Amino acid sequence: MNDLLDIVNVRATGDYKLFLEFENGERRVFDMAPYMDRKPYVCLKGSPFFKVAYVDYGTVCWPGNIDIVPETLYDLSQPLN
C-alpha cells in the first residue's frame, strides 16, 4: 500500500473478524484471531468488548486504549466482493 488510508467504519464479529470500510470506499475483512493471544489484544479474548470496536482517528480502537494501525489492517486484510 502506498497511501495511508483511514478506516471510516468497522464491524467486529464474535469470531474475531473485523469488517472494514476504508476512506476510498474499499471494503475488506481482517482476521484478528491470530492476534488474540498477544498483548494488548489478549484482554479482549473471550470478552464482549471485542465486539464494541470503533473508529477513532482513522483506525480501529477498543475500550482500554487498545488499537491497531490501519496499515496492518489494510495490508493483511482480504477484499470483500
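The legends below describe close-up views of a predicted model.

**View 1. Strand 1 beside strand 2.** Strand 1 pairs with strand 2, which is made of residues 17-22, in the antiparallel sense, and five bridges connect the two strands. Within this pair, I7 stands opposite F22, a residue of strand 2. The loop between strand 1 and strand 2 contains Y16, a residue that is not a glycine and yet has a positive phi of about 65°. Y16 counts as buried, because its relative accessibility is 18% and the cut-off for a buried residue is under 20% relative accessible area.

View 2. The peptide bond that joins K39 and P40 is cis, with an omega of about 0°. P40 lies in the loop between strand 3, which spans residues 27-31, and strand 4, which spans residues 54-56.

**View 3. The hairpin of strand 4 and strand 5.** Strand 4 and strand 5 run antiparallel and are joined by three bridges, and Y54 stands opposite C61 of strand 5. The two strands form a hairpin with two residues between them, and in the turn Y57 has a positive phi of about 50°.

**View 4. The side chains of strand 5.** From strand 5, T59 and C61 point one way, whereas V60 and W62 point the other way, and all of these residues are buried.

**View 5. The hairpin of strand 5 and strand 6.** Strand 5 is also joined to strand 6 by three bridges, and these two strands run antiparallel. Here W62 stands opposite I66, which belongs to strand 6. The hairpin has three residues between its strands, and G64 takes a positive phi near 95°. N65 is placed in the loop between strand 5, residues 59-62, and strand 6, residues 66-68, and has a positive phi of about 65° although it is not a glycine. Is N65 buried or exposed? N65 is exposed, because its relative accessible area is 79% and the cut-off for an exposed residue is over 50%.

How values were computed. Residues numbered from 1 in each chain as written. Predicted model: local features only at pLDDT ≥ 70, side-chain atom pairs only at ≥ 80, totals over all residues. Heavy atoms only, no water. Pairing = 2+ DSSP bridges. Helix = DSSP H or I, 4+ residues; strand = E, 2+ residues; numbered from the N terminus. Buried < 20%, exposed > 50% of the residue type's maximum accessible area, 1.4 Å probe, protein only.
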